[in-house]
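This report describes the architecture of a single model, with attention to its helix packing, its sheet and the surroundings of its ligand. The sequence and structure are shown first.

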Amino acid sequence: MNKEIIVDLNELDKYLKKINSIFLTKNIINKNIDCDNIINYYRASSALYKYLHSYDGAVHMALNYDGIFNKKGYYTQLNEIFDLINVSEVKSVLELGCGKGFNSIFLAKKFPEIKFSGIDITDKHLKIAKRKSHHIENLKFTYGDFHKLDFEDSSFDFIFALESICYANDSRQVLSEIFRVLKNGGQFVLYDGFRQIGFESLPDNLVQAVILTEKSLAVNSFAKIDTWLEIAGKAGFKLKVKTDLSKAIMPNLGKLQLLARKYFEFPFLSKIFLQILPQDMMMNTIAVLLMPFTMHNKAHCYYKIVLEK
Ligand SMILES: C[S@@+](CC[C@H](N)C(=O)[O-])C[C@H]1O[C@@H](n2cnc3c(N)ncnc32)[C@H](O)[C@@H]1O
């Protein structure tokens with residue numbers, strides 16, 4: 001692991017205090033997130049994602065299995081999805097929460113004979129996705145909320161989602177919608193963040209870090225991995241793959257945490273930045289400062305999950 005990442009719980013209180021001196025922590029924790037908050041968060045954070053995360057438009061974590069950050073890691077999930085599609089008889093694919101189109105554009109170019117659709121609720125993302133893909137005939141991006149999918153039953157052979165399902169306010173509804181629009185034998189592949197099993201018995205400071213991280217990313221609360229899988233089972237899905245990839249996102253988290261630590265170094269300057277820049281954007285510094293703590297100390301986890309109908 002990158003030596004420069006700070007994950008020691010003895011350091012966490014110091015950082016929680018710093019955050020509290022700049023942001024109103026209590027207000028963040030008590031905030032209830034709705035669709036408008038998510039859209040505003042992504043509108044406000046657009047430049048940050050482009051210039052500090054991925055200029056090419058990935059809005060997900062790089063997976064670096066060798067422990068060293070490399071932006072090729074933004075394609076790891078896609079290469080694994082490519083392999084899954086490649087060995088099945090897939091004719092139609094749906095991406096949930098397609099963001100700026102990074103994933104579906106990559107895959108649609110690899111499989112010109114397969115029809116790809118992507119939906120998202122953030123207008124700013126959809127505009128970019130449509131602009132980048134106007135020349136790709138087998139790909140269509142439209143507005144859509146995964147709580148209520150605007151597709152007929154059994155419309156798709158394959159559905160995937162990268163770090164978007166964590167925004168679900170009702171996992172039951174989302175999973176039953178995905179089940180409905182997937183064909184029998186079809187697969188739903190997900191890469192996402194969750195709360196770890198045993199979350200309830202974690203120390204208070206770690207629970208606070210978890211809640212602050214989630215709210216700062218405009219997520220109400222990540223689902224607990226075991227509860228979520230139970231809901232998927234009740235919706236009718238069979239679990240095919242469940243792989244803990246928490247370690248593989250640490251290099252990316254470490255890179256981002258370094259930037260956030262610089263922001264929190266001089267609270268006086270940080271407060272000035274907060275006055276002139278959008279709060280929704282600046283709150284990203286909280287999430288990237290704290291997530292290495294929550295991920296390393298097993299409060300959060302990052303999973304690849306493959307479900308079959
Ligand atoms: C972390 S970004 C990931 C984007 C893309 N999957 C990627 O890998 O680059 C999460 C995306 O989920 C979208 N999203 C959140 N809630 C949604 C919902 N209810 N329905 C559809 N998309 C949603 C957001 O607008 C955002 O574009």
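## Conventions

Angles under 35 degrees count as roughly parallel, over 145 as roughly antiparallel, 65 to 115 as roughly perpendicular and the rest as oblique. The model is predicted: local features need pLDDT of at least 70, side-chain atom pairs count only at pLDDT 80 or more, and totals for chains, interfaces and linings use all residues. Residues are numbered from 1 along each chain as its sequence is written.

Helices (H or I, at least four residues) and strands (E, at least two) are DSSP runs, numbered from the N terminus. Axes are lines fitted to C-alpha atoms, for helices over the stretch in contact, and angles run from 0 to 180 degrees between N-to-C directions.

## Helix packing

The axes of helix H8 (residues 204-216) and helix H13 (residues 284-296) come within 8 Å and cross at roughly 140°; the two helices are therefore oblique to each other. H8 passes H13 in a left-handed crossing (the near helix is turned anticlockwise from the far one by less than a right angle). Contacts (C-beta atoms, placed from the backbone, within 7 Å) involve Leu206, Ala209, Val210, Leu212, Thr213 and Ser216 of H8, which meet residues of H13 including Ile286, Leu290 and Phe293. The residues of this contact comprise nine nonpolar, four polar and no charged. Here Ala, Val, Leu, Ile, Met, Phe, Trp, Tyr, Cys and Pro count as nonpolar, Asp, Glu, Lys and Arg as charged, and the others, Gly among them, as polar.

Between H3 and helix H6 (residues 123-133), the axes come within 8 Å and cross at roughly 60°, so H3 and H6 are likewise oblique to each other. Ile39, Tyr42, Arg43 and Ser46 in H3 meet Asp123, Lys124 and His125 in H6. This contact divides into two nonpolar, two polar and three charged residues.

## The sheet

Seven strands form an open sheet in the order S3-S2-S1-S4-S5-S7-S6, with mixed pairing (two strands pair if DSSP finds at least two bridges between them). Strand S3 (139-143) and strand S6 (238-244) are the edge strands, each pairing on one side only.

S2 and S3 run parallel and are joined by five bridges; serine 117 has lysine 140 in S3 as its bridge partner. H5 lies across strand S1 (92-96), S2, S3 and strand S4 (156-162), at about 175° to S2.

## Ligand surroundings

The ligand is surrounded by 23 residues, the closest being Val59, Gly97, Gly99, Thr122 and Ser164 (a residue is near a molecule if its C-beta atom, placed from the backbone, lies within 6 Å of it). Helix H3 (35-53), helix H5 (102-110) and strand S2 (115-120) each give two or more residues to this shell. Its residues divide into 12 nonpolar, eight polar and three charged.

Note on methods:
Two residues are in contact if their C-beta atoms, placed from the backbone, lie within 7 Å.
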